[in-house]
Amino acid sequence: MDTLILNGHDLTLQDVYDVAYDGRKVEIAADAYARLAKGREIMQELSKGGKAIYGFNRGVGQNKDVTIDEDFMETQNRMMLRSHSLGLPPFNTDEEVRAMMVIRLNNMLIGASCASDDLANSYRDFLNHGITPRIPRRGAVGEADITTITHVGLAFIGEEDVNYKGKVVSAKEAMESEGLKPLHLQLKDTHTIMLSNSQGEGTAAILVHEVENLVKMSDRIFCLDYEGLNGNIEPMREDVNELRGLPGQIRCAARCREDLEGSYLYSDNRPEHALQDPLTFRGGFIITGAVEDALDYVKKFLSIQINSPSDNPCIMLDKKDVFVNSNFETTSLVIGVEMLAIALAHLSRAINYRLIRMCMPEFTHLPRFLAPRNGSAHGYDEVQNVLSCLDAENRYLTTPSSVDFYPMQGSIEDHASNLPLAVTKCRQMVDNLRYLVGMEVLFASQAVDLRKEDGDYVHLGKGTQKAYDVLRAIVPEMKSNRSVYDDINKAYQLVLEEKFLADGE
């Protein structure tokens, strides 16, 4: 994989994933170094001319009225770094932290931050040498993630622990192993490290990636469930969905048609089916389409934020001046994340209703709870308790947190977004949904096997056959009594490892 050249302007979410998941190397564009130098020059000249600059020659927060002398800047940097590093466990994953670091490095290179070259190089070197700071998940309110991402700075100066070669070691030890020296904090470096939304943005980027893949798997397994039901596939027609015009719905319907290509559901000699199915079947792909529509909103604003500065004050290179602002606001993005959570809650509920229906013989014309016909096992009779529990938790997790905040720093910071918390809750929903999707593939495959006993008319679509084969390679058909708990966990693991994605995409 070629080196990613960062310039502050055209970082894509795919670039973030390449760095976060695959360890793609990064380098800093030459013109970006020039912008950093110009920004430092502007801020230093304005400071020498007597202009009060927040976070540079003045303190931060309620201490904005405290003057900082040039001789005191290095000490001030360390004081501020240690006093603001207040995150609480658990810790973000390595992938999340790497996403945070490449995002912050990129938008630092716009030149609005007054960052030293050494600070930019520290981000680059930690990424390229596989040194990942341990960043606590809790403690930031999303109005810049000042209390959590400051732990990155502590790692840069050789303090605290990092993840390195699969172990937790001291930052100093990892840096010595890679021939790196601790960062010497200069000018406005600490303020540049902490005045960023990179925790919320980095974790949101990982969330988007996980939801995109989950939706693809969910659609494929929904189609297998539809085959287990012997459902009416008219609602998936291209012309019907194009007429409606909703982008997510159109994409998901197309994906389902592709997965069902060659399925017995298109055959004229299959058993009689219902004129129309319950909405969670008839419109299942429309529900995942709504998730995709919410994803489009999140990706739109996330792509803007990872290529724009959150710095206060903000250096305007063309005007050779510095202006206070509130560009660290993430309200648009957090609203999108909470909208995504609501969409996922609809998917959660739809899966639950489908699975409850699949256990009803008057609906499926299959044995109750999809049990073996010889009575050797109870089938999935008690799984509904687990479904209900997970869905209740998902409903709880949709409760908005972006409107919950206190005025801070003497009430001057009287707004917040809680973006990191909103993302954390949404990612918990994703993990709950992995279990639900795993249960759906168990139910769907068992229904298909039972239906095959009724005749040889059952043949699966090209995509649903792949999903069925992936499961059956690990979990055999339930023909006798065994632990359903083990089956659920095996199916969950397959979803977690994204084994049901189309053609290994």
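Helices (H or I, at least four residues) and strands (E, at least two) are taken as DSSP runs and numbered from the N terminus. The structure is a predicted model, in which local features need pLDDT of at least 70 and side-chain atom pairs count only at pLDDT 80 or more, whereas totals for chains, interfaces and linings use all residues. Residues are numbered from 1 along each chain as its sequence is written, and side-chain values use heavy atoms, with hydrogens and water left out.

Two cis peptide bonds are described here. Pro-90, placed in strand β3 (residues 88-91), is joined to Pro-89 by a cis peptide bond with omega of about 5 degrees. The bond from Asn-312 to Pro-313 is likewise cis, with omega near 0 degrees; Pro-313 is placed in the loop between α13 and β8 (314-316). As background, most residues other than glycine have a negative phi, and most peptide bonds are trans.

Positive phi values occur at several positions. His-365, which is not a glycine, has a positive phi of about 65 degrees and is found in the loop between α15 (361-364) and α16 (383-397). Burial was assigned from relative accessible area: buried means under 20%, exposed over 50%, and partly exposed in between (1.4 Å probe, protein chains only). His-365 counts as exposed because its relative accessibility is 64%. Asn-418, also a residue other than glycine, has a positive phi near 55 degrees and is placed in the loop between α16 and α17 (419-452). With a relative accessibility of 9%, Asn-418 counts as buried.

Strand β6 (residues 161-164) pairs with strand β7 (residues 167-170) in the antiparallel sense over four bridges, pairing being assigned if DSSP finds at least two bridges between two strands. Two residues separate β6 and β7 in the hairpin, and Lys-165 in the turn has a positive phi of about 55 degrees.

Helix α1 (residues 13-22) is mostly covered, with seven of its ten residues buried. These buried residues are Leu-13, Asp-15, Val-16, Tyr-17, Asp-18, Val-19 and Ala-20. They pack against β1 (4-6), β2 (26-28), α4, α5 (117-128), α9 (198-229) and α13, contact being defined as heavy atoms within 4.5 Å. Gly-23, with a positive phi near 70 degrees, follows α1.

Ser-263 counts as buried because its relative accessibility is 2%. When residues up to four places away in sequence are not counted, Ser-263 touches Glu-227, His-459, Leu-460 and Gly-461.

The structure holds 30 salt bridges, each defined as a side-chain nitrogen of Lys or Arg within 4 Å of a carboxyl oxygen of Asp or Glu. In one of them, Glu-159 is bridged to Arg-82, the closest N and O atoms being 2.5 Å apart. Glu-159 lies in the loop between α6 (150-156) and β6, and Arg-82 in helix α3 (residues 73-84), so the pair ties together parts that are 77 residues apart in sequence. Glu-159 is partly exposed, with a relative accessible area of 24%, and Arg-82 is partly exposed with 43%.

A salt bridge also joins Arg-137 and Glu-96, with the closest N and O atoms 2.8 Å apart. This pair links distant parts of the chain, as Arg-137 is in strand β5 (residues 136-138) and Glu-96 in helix α4 (residues 94-108), 41 residues apart. Both Arg-137 and Glu-96 are buried. A network of salt bridges links Glu-96, Arg-137, Glu-210, Arg-427, Asp-431 and Arg-434.

In another salt bridge, the side chains of Arg-255 and Glu-292 meet at 2.8 Å, N to O. Arg-255 lies in helix α11 and Glu-292 in helix α13 (residues 284-305), so parts 37 residues apart in sequence are tied together by the pair. Both Arg-255 and Glu-292 are buried.

The structure holds zero disulfides, a disulfide being a pair of cysteine sulfur atoms within 2.5 Å. Cys-114 is in no disulfide, and the nearest cysteine sulfur, that of Cys-314, is 12 Å away. Cys-114 counts as buried, at 1% relative accessibility. Cys-389 is also in no disulfide; the nearest cysteine sulfur, that of Cys-359, lies 17 Å away.
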